Amino acid sequence: LFPYTTLFRSPAKTLPSAASPAAQPAPIPRILRDADDWMTLVADSGVKGPVRDLAAHASFVSHADGALTLALPDGLDHLRSDTQVGKLAEAFAGPLGAAPKIVFARAAEGEDNLHARNARARDERQAKAERDFTENATVRRYMQQFGAKLVPDSIRPADDN
């Protein structure tokens with residue numbers, strides 16, 4: 001026999017391991033039941049730019065039978081281009097199990113969306129920072145003893161730096 005016969009053996013067949021993608025079960029599709037589910041999906045999605053703006057300004061209406069119904073406030077129709085809606089549907093295909101058909105309904109006054117919720121949270125942090133600063137004993141003493149005045153809009157929450 002030749003000493004090189006091992007070069008001509010057929011490679012051993014390997015079975016997929018538990019760590020391989022083929023062995024992983026498919027993720028369970030999310031079902032959006034309410035605005036909180038919608039806002040969590042948007043926040044977790046990683047979408048950026050105009051697609052993020054569209055998602056953040058859209059209010060959740062319903063999700064059933066592969067259709068995702070959203071509402072945009074008046075004056076924001078420019079966010080709803082076919083390209084952006086298509087990219088949004090693609091971004092949610094994984095978490096929802098398939099790309100949803102996105103339908104837009106007329107927004108009711110005061111509907112909650114991620115953009116409004118983030119603005120409220122930012123305003124609350126700002127108000128707390130101002131309140132904490134002006135209630136500080138040292139700050140009050142300086143204001144009383146030295147006539148110090150606050151510069152409007154100069155106080156920022158520590159986590160905004």
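**Exercise 1. Give the strand order and the pairing type of the three-strand sheet.**

Step 1. The order is S1-S2-S3, in an open sheet with mixed pairing. Strands are DSSP runs of E with at least two residues, numbered from the N terminus; helices are runs of H or I with at least four. Two strands pair if DSSP finds at least two bridges between them.

Step 2. Find the edges. Strand S1 (59-64) and strand S3 (101-106) each pair on one side only.

Step 3. Neighbouring strands are turned by 25 degrees against each other on average, direction ignored. Axes are lines fitted to C-alpha atoms, for helices over the stretch in contact; angles run from 0 to 180 degrees between N-to-C directions.

The model is predicted: local features need pLDDT of at least 70, side-chain atom pairs 80 or more, while totals for chains, interfaces and linings use all residues. Residues are numbered from 1 along each chain as its sequence is written, and side-chain values use heavy atoms, without hydrogens and water.

**Exercise 2. Describe how S2 joins S3, and what packs on the sheet.**

Step 1. Strand S2 (residues 67-72) runs parallel to S3, joined by six bridges.

Step 2. Locate a facing pair. Thr69 is opposite Val103 in S3.

Step 3. Helix H3 (residues 82-96) packs on the sheet and touches S1, S2 and S3. Its direction makes about 120 degrees with that of S3.

**Exercise 3. List the contacts of Leu70 beyond its neighbours within four places in sequence.**

Step 1. Apply the cut-off: contact means heavy atoms within 4.5 Å.

Step 2. Read off the partners: Trp38, Ala58, Ser59, Phe60, Val61, Leu88, Ile102, Val103, Phe104 and Ala105.
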